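Please work through the following exercises with the sequence and the structure at hand.

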Amino acid sequence: MAALVSAQVLALAQADFSGIAARFASVGFSVRQPARGILQIGASQRAAPMQLLLSVGVHGDETGPIEMLAHLLDELAAAPQRLALDLMVVVGNLDAIAQGRRFIDADMNRMFRAERGDLATAGEATRADQIMQATEEFFAGAPAEKWHLDLHTAIRPSRYPTFAIVPDLIADAGKQALFRWMAQAGIGAIVLNPTSAGTYSSWTATRFGTVGSTVELGRIGTLGQNDMALFAAPKAALQALLYRDAASVAAAPAVSTPQVFRVAQEIIKQSDTFSMSFDRDTQNFTTLPRGAVIATDGATVYKVEHAEEAVIFPNPNVRIGQRAGLMVVRQE
Ligand SMILES: [Zn+2]
């Protein structure tokens, strides 16, 4: 693997921030590394109008965003004084990244909550605790505008290759700013979700009032082999956030008009008898008509209740008690 992967990508995947940290420290930023794979850069001498948390690798096999962020940080570190906000970077499930796996023991993106049920003893729980603690410290400070973009890639093909899950509780002004950013990033669909499944971005929205989202940027790939051309729009949109200057904003025009969806039903696996009309090969946003059976679980039958519903994240193989899929409806 190493021979194919550039030095800066490998460094980020291995949680090595040494080069980047030194660059920012040398021009007067406060730099902290509260735990492995977590970097906090404070615009120490100026009033920070905004705090931005960027997280990648919460699922270890979702390598495209790790590559994109490595290039982004590399360019930023070459002109560190351009950073115009407080930045926190989290490289999530380091052990899983090292092994090229989604997770080692259990899905970490179900653990960002106080009550973890049977996930409390999973190997990833300790890492989730570290990340939550560092996030608390980061957002505890000044009353700045707070953003969190948790960058993923989807397991399966999708009718919308890029899409975002947005906590519905975010205030309207924040949502509008976020939707403008999504259009710059070329996001095809936005799903407003009123419930939390223990994801990192829903936890920060609930706990700190962050404007944020889980952002799905295309497909799973091997570290060092992702097509960075597919990440050009999200990268430019992130640079516009980080630099907040006219040139970088102009370089990130709106390139999509995201279709907005709303969650209609959450399909929770309750027993071993659970079976689903979809499997892991089903494309995200595949639709079913009213009355169609989505899943059965003992005596419970999940059916489509609207004229049409589309599925995202279908996965009948999750643990009992976990979400096996979301049904969404198009918002006019
Ligand atoms: Zn993911």
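This is a predicted model: local features need pLDDT of at least 70, side-chain atom pairs count only at pLDDT 80 or more; totals for chains, interfaces and linings use all residues.

Residues are numbered from 1 along each chain as its sequence is written, and side-chain values use heavy atoms, with hydrogens and water left out.

**Exercise 1.** Determine which residues coordinate the zinc ion and why the arrangement is irregular.

*Solution.* Step 1: donors are N, O and S atoms within 2.8 Å of the metal (3.2 Å for Na, K and Ca); water is not among the atoms, so sites may look incomplete. Step 3: four donors count as tetrahedral if all angles lie between 85 and 135 degrees; four count as square planar and six as octahedral if opposite donors are over 155 degrees apart and all others between 65 and 115; anything else is irregular. Step 4: the angles subtended by the 4 donor atoms run from 57 to 143°, which makes the arrangement irregular.

**Exercise 2.** State whether His 59 and His 152 are buried or exposed.

*Solution.* Step 1: buried means under 20% relative accessible area, exposed over 50%, and partly exposed in between (1.4 Å probe, protein chains only). Step 2: His 59 has 4% relative accessibility and therefore counts as buried. Step 3: His 152, with a relative accessible area of 1%, is buried too.

**Exercise 3.** Identify the residues closest to the centre of the largest pocket.

*Solution.* Step 1: on a 1 Å grid over the protein atoms alone, a pocket is an open set of points where a 1.4 Å probe fits, with protein on both sides within 12 Å along at least five of seven lines; lining residues have an atom within 4 Å of a point. Step 2: the largest pocket has a volume of about 570 Å³. Step 3: of its 36 lining residues, His 59, Arg 102, Asp 107, Arg 110 and Arg 323 are the closest to the centre.

**Exercise 4.** Describe the backbone and burial of Ala 15 and Phe 285.

*Solution.* Step 1: Ala 15 is not a glycine, yet its phi is positive, about 65°; its relative accessible area of 12% makes it buried. Step 2: Phe 285 likewise has a positive phi, near 70°, and is buried at 3%.

Notes: Grid points are joined across faces, edges and corners, and a volume is the space filled by probe spheres set on the points.
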